[in-house]
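Thank you for coming, everyone.

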There are 2 protein chains.
Amino acid sequence: MPAATIGPELQRLIDLLAKMPGLGPRSAKRAALYLLKRREQVMGPLAFALDDAAKKVKACTTCGNWDSIDPCAVADGERTQSILCVVQDVGDLWALERAGAHKGRYHVLGALLSPLDGIGPDDLNIGGLVARAGEDMVTEIVLALPATVDGQTTAHYLTDHLEAIDVGVTRLSQGVPVGGELDYLDEGTLTAAMKTRRPF
Amino acid sequence: MPAATIGPELQRLIDLLAKMPGLGPRSAKRAALYLLKRREQVMGPLAFALDDAAKKVKACTTCGNWDSIDPCAVADGERTQSILCVVQDVGDLWALERAGAHKGRYHVLGALLSPLDGIGPDDLNIGGLVARAGEDMVTEIVLALPATVDGQTTAHYLTDHLEAIDVGVTRLSQGVPVGGELDYLDEGTLTAAMKTRRPF
């Protein structure tokens with residue numbers, strides 16, 4: 001398309017929208033048109049919400065969750081104090097909350113160890129975790145990390161660092177997903193599910 | 001998920017992102033996390049670009065295309081003056097420009113006639129079209145409207161209104177899409193392609 005067809009203000013908006021996950025160059029154009037048709041209802045409020053959230057939403061100094069208050073609503077809430085669930089990212093915290101799978105508190109690492117990507121222990125919120133794990137009321141650390149190479153590397157590293165502390169370290173079980181057909185599962189999952197089989 | 005897990009500023013941002021086409025509630029959360037991690041590079045600039053485009057980008061008073069200058073770069077550019085291509089929306093204009101399918105000027109209707117949705121002739125930019133069709137240099141009006149019921153209703157309505165003017169009215173041909181397998185095409189398209197078959 002000749003550069004002149006779309007003006008610079010509109011092109012810049014499209015380029016920025018196209019950077020968002022879930023939107024490509026074409027859907028960014030559709031989104032831009034959608035927004036221009038709804039300037040009062042969506043476009044203006046979205047500009048304000050982006051600016052407002054960028055200024056106000058910060059990582060909780062206690063647990064690393066993102067909120068506009070510190071400590072965040074989750075860290076400060078009425079939750080089981082004895083269990084601390086370690087997650088990679090705020091998105092994982094939200095997923096566990098959506099499932100109602102964890103009633104205790106969280107600790108967000110912010111990343112996983114990844115030597116290939118140059119991400120080392122200093123890039124993760126590990127100091128805070130060790131300090132919290134040492135609190136008297138904490139009896140169990142659940143490592144809810146992804147079942148990937150980086151996730152498991154990080155889990156091993158954390159387990160080593162938590163060994164000196166009198167606290168139980170657990171991890172999520174691996175196996176057949178609920179609703180999962182055996183036929184469609186990879187060999188690793190099937191082998192893990194067989195190895196850790198339980199009495200009916 | 002308990003309402004308290006996500007703070008109000010972040011929730012408002014997620015709700016607004018979820019309104020965009022191509023993003024649902026889950027991908028809006030992912031997009032919000034993505035943006036919060038890139039406040040300087042993407043989130044701030046996007047907030048500014050939205051605000052800036054909302055203020056500056058207007059419909060061209062000549063052709064209806066969206067641009068920050070009026071007449072817009074397309075209406076004002078060096079283009080074939082004799083052919084006027086009528087499209088429903090700015091997105092269709094962009095699609096034709098991307099294809100390089102039309103070297104003339106455009107006229108954006110802004111909507112299609114849709115009695116069921118209460119969209120009548122007054123909601124379309126028809127007055128402007130009739131005026132432009134009457135200009136001496138214009139010899140052909142191409143109706144590049146969708147091959148839907150509303151698109152064809154609008155095409156018939158426009159043809160009736162342009163009859164009094166000494167201008168040729170054409171429409172896009174219908175048939176097998178380039179690269180299209182006959183097996184996957186609907187009966188209507190196949191019938192139309194057969195009816196309008198051409199010598200090889």
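Does K37(B) count as buried, partly exposed or exposed, and at what relative accessibility? What you see is a predicted model, and in it K37(B) has a relative accessibility of 43%, so it counts as partly exposed. The side chain of K37(B) forms a salt bridge with that of D89(A), at 2.8 Å from N to O. Because K37(B) sits in helix α2 of chain B, residues 25-37, while D89(A) belongs to the loop between β3 (80-87) and α5 (90-99) of chain A, this pair joins two chains. D89(A), for its part, is buried, with a relative accessible area of 16%.

Let me turn to a pair within chain A, where E135(A) and R105(A) meet through their side chains in a salt bridge of 3.6 Å, N to O. This pair links distant parts of the chain, 30 residues apart, with E135(A) in the loop between α6 (126-133) and β5 (140-143) and R105(A) in strand β4, residues 104-108. E135(A) is partly exposed at 30% relative accessibility, whereas R105(A), at 6%, is buried.

In chain B, R105(B) and E135(B) form a salt bridge whose closest N and O atoms are 3.5 Å apart. Here R105(B) is buried at 6% relative accessibility, and E135(B) is partly exposed, its relative accessible area being 30%.

To place these pairs in context, the search of the whole structure gives twelve salt bridges over all chains, and R12(A), D52(B) and K56(B) are linked in a network of such bridges.

Methods. Residues are numbered from 1 along each chain as its sequence is written. Chains are lettered from A and ligands numbered from 1 in the order in which they are written. This is a predicted model: local features need pLDDT of at least 70, side-chain atom pairs count only at pLDDT 80 or more; totals for chains, interfaces and linings use all residues. Side-chain values use heavy atoms; hydrogens and water are left out. A salt bridge is a side-chain nitrogen of Lys or Arg within 4 Å of a carboxyl oxygen of Asp or Glu. Helices (H or I, at least four residues) and strands (E, at least two) are DSSP runs, numbered from the N terminus. Buried means under 20% relative accessible area, exposed over 50%, partly exposed in between (1.4 Å probe, protein chains only).
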